[in-house]
Amino acid sequence: MSLSCALDRIRNTPELAESVTVWRTTPPRPARYAGFPEGVSPDLCEALARQGITSLYTHQAAAIREILAGRHVMIVTPTASGKTLCYNIPVLNTLLSDPQARALYLFPTKALAQDQWHELTALVDALGAPIRVHTYDGDTATAARQTVRQIARVVISNPDMLHTGILPHHTRWSSFFGSLRYVVIDEVHAYRGVFGSHLANVLRRLKRICRFYGAAPQFICASATIANPGELGERLVEEEMAVIQENGSPAGAKHMIFYNPPLVNRELGIRRSAVLEARKLAAEFLREDVQTIVFARSRQTTEILLRYLRDDATRLRLPSEAVRGYRGGYLPQHRREIERGLRSGEVRGVVATNALELGIDIGHLDAAIMTGYPGTIASTWQQAGRAGRRNDVSAAILIASASPLDQYLVKHPDYFFDRSPEHVLINPNNLIILANHIRCAAFELPFAAGEAFGRFPAEQTAEVLAFLAGEGVLRQVRDTWHWMSEAYPAEAVSLRTADPDNFVIMDATTNNTVIGAVDRFAAPMLLHEGAVYLHEASAYLVERLDWEARQAFVRPTDVAYYTQASSAVQVRVLDMLEEEITPRGTRAHGEVVVTSRATGYRKVRYYTQEVIGWGEINLPEQEMHTTAYWCELPEEAADELVTLDHGPNWEEQRRRARERDQYTCRVCGIREEVLGREHDVHHIRPFREFGYVRGENDNYLIANELSNLITLCRSCHNKVSGDRLSKDNFSNGWRGLAYLLHHVAPLYLMCEPQDLGVVSELRSPLRGKPTIYLYDQIPAGVGFSEALYRLHDELLARAHDVLTSCPCREGCPSCVGPAAAEGEGGKEAALTMLRRLLGQGEQNR
């Protein structure tokens, strides 16, 4: 009833209801059941019955049947559909019949591993069998690790621990690897980009060690709904996969609501902040005691929202601890405490990054609020699925930010509801990642001459081995490559980034207690001196950043602002891999070096978003070798788009024409005072037809006669001017088009805007043409750039849709960026250039 009351208030409050662009209610879905497949132990069936499970969903039965038949399996069903039983039943079934059999479970986070340990242990206890199940991760006590290696039948871990704590010490695990029957990899959709590329190489190392001990484990993968589950599974484990994706689980009714914050300035296209709207809607749910999760797109937004909602909790007479934050950077004991509070109901609201998107058991929440589009359709459904994990009614609200991508989706909801989720992209053969794992593999076992590394060809593997020998870490003795260095390579390789260096954040007031960490590329933007670092709704002022030691020293502060940093970025092309040149423009992709430098920051007041101060940042430049997609406007088209020199009397004639026309557009009748700027003056007979050349003739005098001039507003002028722009407008438009493409590109990639970088240049050093680069924000790249090259025309067409459907006049955050930032005329200029790139400009001339 409390959820119904909150939803009724949204429906019946005009201020809220007017912002709802779509409200779809998914009806309840009944379960489809099946019996236990042949071969499942009667003892196991009885144990499940004691837990209240007397039959299976159809997808569970299908998955178990395939696994018992010995096939590698990928299970792809929505959140809370019972995927865990799909692998627990066949694994326990085998462990019951074969006392030597072992299984390895991998989860992307330690929190999820702990959660699944509880579930599997409960089933083993109901079974009453002597099957020892243990977690093995960074939190496992040193004294307990030898016991786990010796007695565990099921080891539950994560890729990071497998990478650094198990594979390099495989000799201590010889009996385990020699009897390993199953490797379970859950939440496979989380392994995308860098993390997935690393995991594929960790699994190459795992299979190599298993072969050494005479084992060939069967892989069982589970994922939320994605577009390419079979392909992803096969790229990860390099085995053919049987895909199970017909969902038989039940679901309660769900209200899916798209909410677009109201315009506060239609002319400038400025909308009310998505963060403030999330706060307002979350407060409505908290008022009705609806347990709610609020997802934010970044750590900083998480902390800002948490601060706001704790203020609201106080006003609603709730204890401040009833609302908690949850994100990466929190210490493990803090996260476990929050998870327990959610399960017990003591925590009524949680503000989280996508760290809670995965299937950690946090109880039965009733509402999910997404502050901005999560970046992918798959992630949106995953976050929405955190509410309503029983058969009860639930609600999920997507609040659009001002970004072009968000605005496109809330205005074109059918694109979201009718489109299948995205492809997950990984690149196991990313040279930096691959070389690091071959280094680790050589430490674990010598390489034989002619040996391939998984499906990476033997000839190319030999080239990497020769490179490592040149670095002095390998030595070739006859037909074998041996590890020679004293270094322990896995410790230097992080699976979460292609760069191993992290910065730790220490509270200088508590004996330098570590409170968090950020990666090297984010450190200049978040940990510069003077930055406000936010953690659990508390603000810390960065007093000192020790760049060489990778340490930031902070102190608690009660300042009324947070900080936002800016940077200068340059792109240099190293190698063009593919290129297509057409009369309308050029598209290409290749290898590049990106140079970035944090330049300054601004202080932004809470609630009002007022900028109250600025500061400089003086930190070293950073270089990254990665891949990029770029598009170029032909030089002749750029020249045609920029207006000509109109002669020395142009400004005077322009003034006289506006005065004659009473400062009113002769087409639409709007006056200059209404728009707050001067109108344009247009040549009725095109100026270029008069053949004026400065210093050679006076033909401008005839061209600029008042009888050939007419006053037009900017919008009308762009419609009749033959797509000609001023130089300032051209610059503004090109920057605006880069902004738009950067925000639209994630529609096609399973990534977030911050996974891509963008640079626009009016005269690129590559060929001197106007160029826009979109590059992978990951050393060596993971495939985004090549995908964008293939999607070039579709990307431009989608950007055109966004631009033409946006109601603002001059540009706004929802299309080409705010007019104040990109300059006047940016929107029309961007549209003109976009039409040229699409080939529409030539058709219109």
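Predicted model: local features only at pLDDT ≥ 70, side-chain atom pairs only at ≥ 80, totals over all residues.

Biologist: Fine. What makes the chain as compact as a globular protein of that length?

Modeller: Start with the make-up: 31 helices and 34 strands. The globule rule gives 28 Å for 845 residues, and the chain has a radius of gyration of 30 Å, which is close to that, so it counts as being as compact as a globular protein of that length. Along the principal axes, the C-alpha trace spans about 100 × 75 × 55 Å.

Biologist: How much of the chain is buried?

Modeller: Buried residues account for 57% of the 845.

Biologist: Let's pick a residue. Why is Leu788 called buried?

Modeller: The cut-off is under 20% relative accessible area. Leu788 has 0% relative accessibility, so it counts as buried. Leu788 sits in helix α27, residues 784-790. Beyond its neighbours within four places in sequence, Leu788 is in contact with Tyr629, Ala745, Leu749, Leu756, Leu774 and Leu795.

Biologist: On to the rings. How many aromatic pairs are there?

Modeller: The count is 22 aromatic pairs. One of them is Trp381 with Phe417, with 6.2 Å centre to centre and 70° between the planes.

Biologist: What makes Trp381 and Phe417 an edge-to-face pair?

Modeller: Two tests: centres within 6.5 Å, then planes over 60 degrees apart. At 6.2 Å and 70°, Trp381 and Phe417 pass both. The pair also links distant parts of the chain, with Trp381 in helix α15 (residues 377-384) and Phe417 in helix α17 (residues 413-418), 36 residues apart.

Biologist: Why is the pair of Phe416 and Phe417 edge-to-face?

Modeller: Their ring centres lie 5.1 Å apart and their planes are at 90°, so that pair is edge-to-face.

Biologist: Are Phe416 and Phe417 buried or exposed?

Modeller: Both are buried.

Biologist: Which residues do ring pairs link into a cluster?

Modeller: Tyr136, Trp173, Phe176, Phe177, Phe212 and Tyr213.

Technical notes: Residues numbered from 1 in each chain as written. Heavy atoms only, no water. Helix = DSSP H or I, 4+ residues; strand = E, 2+ residues; numbered from the N terminus. Rg over C-alpha atoms; globule rule 2.2 N^0.38 Å. Buried < 20%, exposed > 50% of the residue type's maximum accessible area, 1.4 Å probe, protein only. Contact = heavy atoms within 4.5 Å. Phe/Tyr/Trp six-rings, centres within 6.5 Å; stacked < 30°, edge-to-face > 60°.
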